[in-house]
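Visitor: I am new to this structure and would enjoy a close look at a single part of it. Could you take me into the nonpolar core and walk me through what is there?

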Amino acid sequence: MTLHVAAAVSMAGAVLAVSIGSHALKWRLARNPERAVRTKSFDLAGRVHVLASLSLILGHATALPTPSWVIAAWWAAILRFSGALYVHALTGATWMMAATLPGALALIAGWIGVAAVWGPLEVSP
């Protein structure tokens with residue numbers, strides 16, 4: 001599977017997760033006020049999942065050189081950050097929250113990598 005196909009599949013998964021979360025999960029968790037934090041976790045996971053997937057797609061679409069470590073950082077952000085928040089939201093496992101820090105750092109590293117590699121882009125008048 002090529003990178004752009006994997007990125008598109010990741011985006012489809014993000015949209016599916018956000019759709020499920022915004023309808024079925026919110027209704028189920030809203031019935032118990034103690035679970036409101038889990039709904040917020042799911043929302044944040046979905047937003048980061050969409051952002052990282054879109055980053056992968058745009059990185060491919062622009063045809064600008066994107067090093068493999070930047071791509072790996074974005075995948076790590078999807079898996080570690082969003083994945084941990086999805087698990088927390090669905091199961092209530094608070095220990096999964098510890099996995100969000102490495103995922104957040106991976107996302108930050110990915111964006112710093114893009115800034116360092118792509119540098120200032122010149123726009124023709």
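Guide: Gladly! A nonpolar core is a set of buried Ala, Val, Leu, Ile, Met, Phe, Trp, Tyr and Cys residues joined through side-chain atoms within 4.5 Å. Please keep in mind that this is a predicted model. Here, the largest nonpolar core has 19 residues. Phe42, Leu56, Trp74, Tyr86 and Leu107 are the ones with the most contacts inside it. At least two residues of this core come from each of the helices H1 (3–30), H2, H3 and H4 (100–118). Helix H3 gives the most, with nine residues.

Phenylalanine 42 and tyrosine 86 are both buried. In general, a pair of aromatic rings is described by the distance of the centres and the angle of the planes. The structure holds one aromatic pair. Its rings belong to phenylalanine 42 and tyrosine 86, with centres 5.0 Å apart and planes at 55°, so the pair is tilted. Because phenylalanine 42 lies in helix H2 (residues 36–61) and tyrosine 86 in helix H3, the pair ties together parts that are 44 residues apart in sequence.

Leaving aside neighbours within four places in sequence, histidine 88 is in contact with Val37, Arg38, Ser41, Ala93, Thr94 and Met97.

Definitions and conventions. Residues are numbered from 1 along each chain as its sequence is written. This is a predicted model: local features need pLDDT of at least 70, side-chain atom pairs count only at pLDDT 80 or more; totals for chains, interfaces and linings use all residues. Side-chain values use heavy atoms; hydrogens and water are left out. Contact means heavy atoms within 4.5 Å. Rings of Phe, Tyr and Trp (its six-membered ring) pair if their centres lie within 6.5 Å; planes under 30 degrees apart count as stacked, over 60 as edge-to-face and the rest as tilted. Helices (H or I, at least four residues) and strands (E, at least two) are DSSP runs, numbered from the N terminus. Buried means under 20% relative accessible area, exposed over 50%, partly exposed in between (1.4 Å probe, protein chains only).
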